[in-house]
Structures are given as C-alpha cells and as structure tokens.
Amino acid sequence: MGVSEQIAESSPRRAMVLAAGLGTRMRPHNGAIPKPLVTVGGRALIDYALDRLADAGVERAVVNVHHLADQIERHVAGRKSPAIIVSDERAELLGTGGGPLKAMPHFDGAPFFHVNSDTIWIDGVVPNLVRLARAFDPARMDALLLLAATATSIGYGGRGDFSMSADGKLKRRGERDVVPFVYAGAAILTPAFFEGVAPGPSSMSPLFDRAIEHQRLHGLRLEGLWMHVGTPEAVAAAEAALVASAA
C-alpha cells in the first residue's frame, strides 16, 4: 500500500511549520544562516518537515519567519507541495503559542499539523504523520503529540517531557523526575487548544498544562528513530544515523 492510500480522509490538509526561532545553540555551526536551513545529509532541516507534510497529504503550510527571515522566504518560495504561506514575525517574535494563533485563519477552523522546522526522524513501516492522523480523535483530544523514547533517540540527553498512560493521556515530568518520552516536535492541534489565548507573544507550555488538566492532551509513540538536532555536534550524529539507516 502506497503512502497516498494510507492517508485517512480526515487527515489534516493544513499545517504550521515553526521556523522563526533564533537558533542560538546552532550559531557556532554557521551564524550566517538560520537554523531551519542548516543542512543534514545534504538537505535543509526545514525540507525534511515540509516533505513529510506533503507526503501526509498536506496541501497548505504556514511557515513563520523572524531570524534571517529573507533566507527562509527565498528557500520555500519555489515549493509547490505543500503550498507555502509565510507568516511574517520580523517585527515581533510570537513564540510557540502566539505564532500559530496569528496563523489560525489559514487553518479553516479545522485541526492542523504543527511541526518544528528542525525535527528529523526515520519512519517505520507507516509514516509517523499518517499514524498521528489515524490516531487523532477531536472528540477526546485538543492535541495529539508525537513522542519519542528518550532511551533510543539520537542527540538527546535530557530527562524527558512526559509520561504516558495506556490510553495515551499525558502527564508532565515532575521537577526531579525522569520520564520515558520527549516531545518529537510534531503534533495535531485543534483551534480549541488555543481558546482564550490573547494575540501577541506566548508559549504553548501553559496550553499543554491546561489540556492535561482536562485530560485532553494525548500522545503517540514514534515508530522509527528520532534525532534531536539542536547543536552543531548533533548534526554529525544525525548524519551518521541517516547513513546507517540507508545501508
């Protein structure tokens, strides 16, 4: 069965790709280009995200820009699939909460994919974004996050973000705890997830907490291998993993 045949009719056709961050930890690698355009395995980081969205049936993707915005705009200008809408945050960086809120009119009031421009993974048999769309249930969820196992991820040395119950509900890591899952930078979000958020800069972190409180934040374990590419050193580790997977 091809990828196009695996895509559910209800799979989101709209997406947001976060590309406006400052990428300060990546600057020693090459301070002259924005982090989303750093190349791993011969491809810009943002192209991994956009290609996976196109393969998952996304027709339109909003890409927000701030740091070295002109370069990102030029890079995505030639893409046909998905069609790109640039959300300009040059004047003010809006953050993980404010950025999607500004772009909300482009999502047609429907759930949408939300993907970090610097997230890379190697899929299993079924693409993870297809699996995410299949698992998403707006009756029970305001957000469904793709989660990677901390023990098997490349380039990640933290203590995790969430624990997950058998039915997929998420709980935050306590301050002194270690939990098995890290947010892999891809999700399906609903407009309801952002309800009550005022325009302007904001973080998505309090929205996670609110959804957890109402038992409407769920997770799906990534199948395959996730690579955290946050530093120049992590680029080399990710490239080695890509080479090994292709062997």
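A salt bridge is taken here as a side-chain nitrogen of Lys or Arg within 4 Å of a carboxyl oxygen of Asp or Glu. The structure is a predicted model, in which local features need pLDDT of at least 70 and side-chain atom pairs count only at pLDDT 80 or more, while totals for chains, interfaces and linings use all residues. Residues are numbered from 1 along each chain as its sequence is written, and side-chain values use heavy atoms, with hydrogens and water left out.

Under this criterion the model contains 17 salt bridges. One of them joins Asp-142 and Arg-216, with an N to O distance of 2.9 Å. Asp-142 is in the loop between helix H5 (128–135) and strand E8 (143–149), and Arg-216 is in the loop between helix H6 (205–213) and strand E12 (217–221), so the pair ties together parts 74 residues apart in sequence. Helices (H or I, at least four residues) and strands (E, at least two) are DSSP runs, numbered from the N terminus. Asp-142 has 14% relative accessibility and counts as buried, whereas Arg-216, at 21%, is partly exposed; buried means under 20% relative accessible area, exposed over 50%, and partly exposed in between (1.4 Å probe, protein chains only).

A salt bridge is also formed by Asp-118 and Lys-35, whose closest N and O atoms are 2.6 Å apart. Asp-118 belongs to the loop between strands E6 (112–116) and E7 (119–123), and Lys-35 to the loop between strands E1 (14–18) and E2 (39–40); the pair therefore ties together parts that are 83 residues apart in sequence. Lys-35 is buried, at 15% relative accessibility.

Arg-60 and Asp-108 meet at 4.0 Å, N to O. Arg-60 is in strand E4 (residues 60–65) and Asp-108 in the loop between helix H4 (95–103) and E6, 48 residues apart. Arg-60 is partly exposed at 24% relative accessibility, and Asp-108 is exposed at 51%.

Helix packing was examined for H2 (residues 45–55) and H3 (residues 69–76), whose axes come within 12 Å and cross at roughly 40°. Axes are lines fitted to C-alpha atoms, for helices over the stretch in contact, and angles run from 0 to 180 degrees between N-to-C directions. H2 and H3 are therefore oblique to each other (under 35 degrees is roughly parallel, over 145 roughly antiparallel, 65 to 115 roughly perpendicular, and the rest oblique). The contact (heavy atoms within 4.5 Å) involves Ile-46, Asp-47 and Leu-50 of H2 and Ile-72, His-75 and Val-76 of H3.
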